[in-house]
Amino acid sequence: MSPVVDLTCELIRRRSVTPGDEGCQALLGDRLAAAGFEVQHLRFGEVDNLWATHGQGGPLLVFLGHTDVVPSGPVEQWRSDPFEPTIRDGLLYGRGAADMKGSVAAMAVALEAFVAAHPGHRGRIGLLLTSDEEGPDNLDGVRRVAEHFRATGERIDWCVVGEPSSKERLGDLIRVGRRGSLSGRLVVRGIQGHVAYPEKANNPIHAFAPALAELAAERWDEGNQDFPPTSFQVSNLHAGTGANNVIPGTLVALMNFRYSTASRAEDLRARAEAILDRHGLDWQIDWSLSGEPFLTPPGGAVREAIIAACRELCGTEPEQSTGGGTSDGRFIAPLGAEVVELGPINATIHKVDECVAVADLERLPALYQAVCTKLLG
């Protein structure tokens with residue numbers, strides 16, 4: 001097998017369910033140290049983070065990835081052990097094959113090859129890995145590393161995120177930005193009582209329903225040329241005691257805005273709260289901002305380098321998208337970096353029988369190395 005397939009298989013065998021790393025970063029750190037990289041292991045809380053750099057001065061190009069994976073789900077539904085890499089019909093199966101141990105392996109192989117070919121390259125090149133990308137809070141992963149970089153004065157100019165971005169062919173889609181994510185946990189208070197005596201109670205479900213209808217119908221913005229309009233979704237509603245003859249005393253709703261650069265988080269919060277007030281609810285809401293929207297504009301050096309690499313090596317004219325969920329790029333962009341995501345096909349991520357095409361995996365290091373060469377070679 002090729003070096004990138006071998007390394008991907010070694011990583012898949014490590015059951016690094018978030019926030020676990022299970023030795024993935026030690027393996028990668030040792031390889032990069034042998035290639036001349038300066039390696040730091042940054043552990044915050046229960047989370048392992050790897051920071052490896054090569055070269056001197058600026059500019060700084062960073063490849064960003066994660067070694068943690070989501071749980072496998074029911075093992076019996078997999079055709080083979082999710083943590084024993086298996087190749088069938090040209091596909092490499094295993095948890096993390098696409099999201100994103102394949103990309104991490106390709107980054108490491110590409111960096112080794114680049115510094116071997118360009119030992120005196122201009123600027124610096126780096127690899128940043130975390131074991132807390134798939135977790136619910138991401139408190140001690142790249143978010144914390146970004147705080148560390150601010151404190152130490154580390155400046156990143158360009159960042160390539162290895163998230164699986166492609167749709168049908170390697171390199172047919174890159175992500176040049178991401179929407180922001182603003183979540184809220186809303187509590188609506190009523191008065192518990194017997195369903196036969198509604199006049200003696202106040203049903204928070206009934207009270208919230210008109211407000212929910214207005215929230216769902218609201219046009220928060222029109223988006224812009226780079227982003228679709230902001231969306232609002234309720235992901236969970238909970239109320240009740242479990243008995244069908246009791247009016248509940250409280251309702252809890254989990255809500256989320258995926259918002260564009262056409263809106264600001266503070267404005268969305270204020271408008272949502274105004275709707276709750278307008279309906280006379282007794283409410284409390286706890287907001288959580290997991291990331292602001294970001295965009296690497298057309299003409300950005302890393303965006304243009306990736307587009308050119310996809311054209312030359314994949315024969316594709318990549319779609320330049322800001323869709324999808326969030327990635328750890330949201331913590332790097334505020335440092336002033338241009339951030340673009342390029343990775344394998346994302347059709348099987350987080351699914352049973354997650355897989356990546358071996359042919360795509362073997363081409364990925366050349367793509368990443370081409371970006372290095374265009375920017376720092």
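Predicted model: local features only at pLDDT ≥ 70, side-chain atom pairs only at ≥ 80, totals over all residues.
1. Salt bridges overall. Across the whole structure, a search returns 19 salt bridges.

2. Glu112 and Arg31. These two side chains form a salt bridge with an N to O distance of 2.9 Å. Glu112 belongs to helix α3 (residues 97-117) and Arg31 to helix α2 (residues 24-34), so the bridge ties together parts lying 81 residues apart in sequence. Arg31 is partly exposed, its relative accessible area being 25%.

3. Arg124 and Glu154. Here the side chains meet in a salt bridge at 2.3 Å, N to O. Distant parts of the chain are linked by this pair: Arg124 sits in strand β6 (residues 124-130), while Glu154 sits in the loop between α4 (142-152) and β7 (158-161), 30 residues apart. With a relative accessible area of 16%, Arg124 is buried, because the cut-off for that class is under 20%.

4. Glu218 and Arg271. The closest N and O atoms of this salt bridge are 2.8 Å apart. Glu218 is found in the loop between α5 (204-217) and β12 (231-239), and Arg271 in helix α6 (residues 265-278); the pair therefore ties together parts 53 residues apart in sequence. Glu218 is partly exposed at 28% relative accessible area, and Arg271 is likewise partly exposed, at 30%.

5. A salt-bridge network. Arg264, Glu266 and Asp267 are linked to one another in a network of salt bridges.

6. An unreviewed UniProt entry places the feature "binding site" at Asp99, Glu134 and His350. These positions are spread over 252 residues of sequence, yet they cluster in space, with a largest C-alpha distance of 10.1 Å. From this set, Glu134 is part of the lining of the largest pocket.

7. Glu134. This residue lies in the loop between β6 and α4 and counts as buried, at 18% relative accessibility. Leaving aside residues up to four places away in sequence, Glu134 touches Thr18, His66, Asp68, Val69, Val70, Asp99 and His350.

8. His350. The loop between β18 (338-341) and β19 (355-357) holds His350, which counts as partly exposed at 43% relative accessibility. Beyond residues up to four places away in sequence, His350 contacts Val70, Arg95, Asp99 and Glu134. The side chains of His350 and Asp99 are also joined by a polar contact of 3.1 Å.

Notes:
Residues numbered from 1 in each chain as written. Heavy atoms only, no water. Salt bridge = Lys/Arg side-chain N within 4 Å of Asp/Glu carboxyl O. Helix = DSSP H or I, 4+ residues; strand = E, 2+ residues; numbered from the N terminus. Buried < 20%, exposed > 50% of the residue type's maximum accessible area, 1.4 Å probe, protein only. UniProt positions renumbered as here; feature names shortened; annotations may be inferred. 1 Å grid on protein atoms, 1.4 Å probe; cavity = no way out; pocket = protein on both sides within 12 Å on 5 of 7 lines; lining within 4 Å. Contact = heavy atoms within 4.5 Å. Polar contact = N/O pair within 3.5 Å; in protein donor to acceptor, adjacent residues only side chain to side chain.
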